[in-house]
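Please open the model in your viewer and keep the selection panel at hand. The stops below name what to select next and then say what is there.

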Amino acid sequence: MQWSVKRRLIYLGLVIVFFALIGAGLWYRYQPAASCSDNKKNQNELGVDCGGPCARVCSFEVRPVQDVWSRLFNIDDTRWDEVTLVKNPNRDYAARDLGYRVRVFDVNDVLVTTREGKIFLNPGESFFVYQGRLEIGNRVPKRASFEVISGPVWQRVDQGAVIPPKITYKSFTSGPAPLLVATIENESLKTLSDVSVSAVLSDADENALAVSSTLIDKLEPRAKQEIVFTWPRSFAVEPTFFDFYPHFDPARTR
């Protein structure tokens with residue numbers, strides 16, 4: 001090879017190396033910063049955009065949501081309430097956008113009705129998924145099932161960020177239209193919005209007799225108010241235990 005050709009190749013190589021170095025420098029300087037939404041496993045994440053510094057939790061870090069029990073409660077001749085107690089066994093993680101399906105079957109195990117929805121669960125929370133006033137005509141329901149059909153999205157939550165409201169039993173009046181009165185108190189310095197409270201009445205053996213739910217639109221800091229639960233029919237057995245389950249979204253506090 002002639003020296004002139006070698007010289008041209010050397011010049012060409014130097015030019016290529018020069019522009020390669022410039023390109024590498026520009027890429028290094030202007031590349032997007034690592035984040036929890038870049039679809040990459042980086043910055044010490046345990047999975048793609050989850051775990052480590054990310055609020056979103058990887059699925060293998062958590063235990064699944066548990067459906068503890070499902071029950072049907074007769075309201076009148078044609079209507080029933082369906083209630084499922086679900087539990088988030090994870091003390092540090094909230095479950096958001098959990099899609100569920102409730103199905104009710106009659107005595108012949110034939111599907112009567114189906115309802116679907118979405119819920120969220122705070123860390124370590126037990127929560128009643130309540131389907132009120134199911135119209136099923138003359139059919140007699142025998143059992144209900146609960147299943148998760150989508151999600152949830154798990155998020156790491158600071159348990160001390162929000163204080164749950166305090167529920168205190170006040171009185172119960174039996175009779176043809178039972179009436180339960182309690183008080184709810186917001187002991188925090190933040191306003192709570194859309195607080196639902198479920199009341200469970202149980203007999204001496206702790207078998208659930210009835211469930212009812214109410215919703216408080218807004219509860220100001222340090223505020224206290226009465227909440228009332230009613231049922232349209234008397235109970236065959238006098239309730240012995242009264243348990244309350246408040247539920248609210250910490251993201252809606254201010």
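Two strands are taken to pair if DSSP finds at least two bridges between them, and the elements themselves are DSSP runs numbered from the N terminus, helices being H or I with at least four residues and strands E with at least two. The model is predicted, so that local features need pLDDT of at least 70 and side-chain atom pairs count only at pLDDT 80 or more, while totals for chains, interfaces and linings use all residues. Residues are numbered from 1 along each chain as its sequence is written, and side-chain values use heavy atoms, with hydrogens and water left out.

Is Gln131 buried or exposed? Its relative accessible area is 5%, so Gln131 is buried, the classes being buried under 20% relative accessible area, exposed over 50% and partly exposed in between, with a 1.4 Å probe and protein chains only. The side chain of Gln131 makes a polar contact of 3.0 Å with the side chain of Tyr100; a polar contact is a pair of N or O atoms within 3.5 Å, and within protein one must be able to donate a hydrogen and the other to accept it, residues adjacent in sequence counting only if both atoms are side-chain atoms. Leaving aside neighbours within four places in sequence, the residues in contact with Gln131 (heavy atoms within 4.5 Å) include Trp80, Glu82, Val102 and Arg115.

Now select Tyr100 with Phe146, an aromatic pair that is stacked, at 5.5 Å centre to centre and 15° between the planes. Rings of Phe, Tyr and Trp (its six-membered ring) pair if their centres lie within 6.5 Å, and planes under 30 degrees apart count as stacked, over 60 as edge-to-face and the rest as tilted. This pair links distant parts of the chain, with Tyr100 in strand S3 (residues 93–106) and Phe146 in strand S6 (residues 141–150), 46 residues apart. Tyr100 is buried at 7% relative accessible area, and Phe146 is buried at 11%.

**Third stop: the disulfides**

Next, select the bonded cysteines, where a disulfide is a pair of cysteine sulfur atoms within 2.5 Å and the count comes to two. Cys36 and Cys54 form a disulfide with their sulfur atoms 2.2 Å apart, and with -95° about the S-S bond this link is left-handed. Cys36 is partly exposed at 32% relative accessibility, whereas Cys54 is buried at 1%. A disulfide also joins Cys50 to Cys58, with 2.1 Å from S to S, and this link, with 95° about the S-S bond, is right-handed. Numbered in sequence order, the bonded cysteines of the protein chain pair as 1-3, 2-4.

**Last stop: the sheet with S8, S9 and S12**

Finally, select strand S8 (166–173) and strand S12 (224–230) with strand S9 (residues 179–185), which form an open sheet of three strands in the order S8-S9-S12, with antiparallel pairing. S9 and S12 pair in the antiparallel sense over seven bridges, and Ala182 stands opposite Ile227 in S12.

From S9, move on to Ser188, in the loop between S9 and strand S10 (192–202). Ser188 counts as buried at 6% relative accessibility, and its side chain makes a polar contact of 2.7 Å with the side chain of Asn186.
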